[in-house]
Amino acid sequence: MSLPPTLQPYADAWTHSIEAISELVQPLAEADWNRRTPCPGWSVRDIVSHVIGLDCEMYGDPRPIHSLPRDLFHVATDLQRYFEVQVDVRRHHTAPEMTSELEYTIIRRNRQLRNESRAPGATVRGPLGTELTLERSMRDHAFNVWVHEQDLRAALGRPGNLDSPGAHIARDVLLGELPAVVADRADAPRSSAVVFDVHGPVEFLRTIRVDIQGRGTLETVPALGPAAAFSLDWETYVRLACGRVTPEAVADRVKAEGEPELTEAILRNFAVTK
């Protein structure tokens, strides 16, 4: 049975990224699993544990019953505590235990996807008991796994897949957040426009227009005389939008034009996930 056309791209992106992660970590020595990643507080082992945990929950496995230590400085919100449980239960797992569980999880999830019969609009359970559609769940999962693949590549010095199927899912997810970044969080002036010119493995030119009511919309038509304009490479865009770096750390890779107060506010509020 094949997936509905709206779900297949997300399944393909997940498959590409999860197999890339498996290939990255299979040959790692035990010490390499403890390398720090750009994801605050998480090592290579922690990110792989998180990915395994996400897929186990999407498969339908019950969540582990586990109490978190009190001294995890990077855990501050309910959502972070929710995700940390799947990570902390595996913190003392060995490299062979991690790779074998990852492979087993991939096998089970591939089988589940092959037999998926639910409609894209079917309601499924999300983190913290939230409800969302199967299509949204699969889209978000494909995005998350690709971003964590990039975290692992950064930690291991193995760049790649910046133009993979997951990268294009990430582009769409992050672009969907731009109107809120510009209009709501950065409070761009009403009846203004902000342009983003992104180059590299994934390229796009997008305009956020803010109407007289202060609502932002995403457009593909370039704006003449925008209030602000940004030019940056795709990798830097992702790292900023995912909270992996601060604007100050990549100032040399971002060209910002326009009112300094506005450009600073946009960059300060650019991270939409961490």
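**Entry 1: a residue in a helix**

I started with aspartate 151, which touches Thr37, Pro38, Cys39, Ile47 and Arg244, leaving out residues up to four places away in sequence; contact here means heavy atoms within 4.5 Å. I noted that this is a predicted model, where local features need pLDDT of at least 70, side-chain atom pairs count only at pLDDT 80 or more, and totals for chains, interfaces and linings use all residues. Residues are numbered from 1 along each chain as its sequence is written, and side-chain values use heavy atoms, with hydrogens and water left out.

Is aspartate 151 buried or exposed? Its relative accessibility is 2%, so I put it down as buried (under 20% relative accessible area, with a 1.4 Å probe and protein chains only). Aspartate 151 sits in helix H5, residues 134–156 (helices are DSSP runs of H or I with at least four residues, strands are runs of E with at least two, numbered from the N terminus).

**Entry 2: the sheet**

Next I found an open sheet of 5 strands with mixed pairing, in the order S5-S4-S3-S6-S7. Strands S5 (216–219) and S7 (254–258) are at the edges with a single partner strand each, so one side of each has no neighbour in the sheet. Two strands pair if DSSP finds at least two bridges between them.

Then I looked at strand S3 (residues 192–199), which pairs with strand S6 (residues 228–233) in the parallel sense over 6 bridges. I spotted valine 198 opposite leucine 232 in S6.

Definitions and conventions: Buried < 20%, exposed > 50% of the residue type's maximum accessible area, 1.4 Å probe, protein only.
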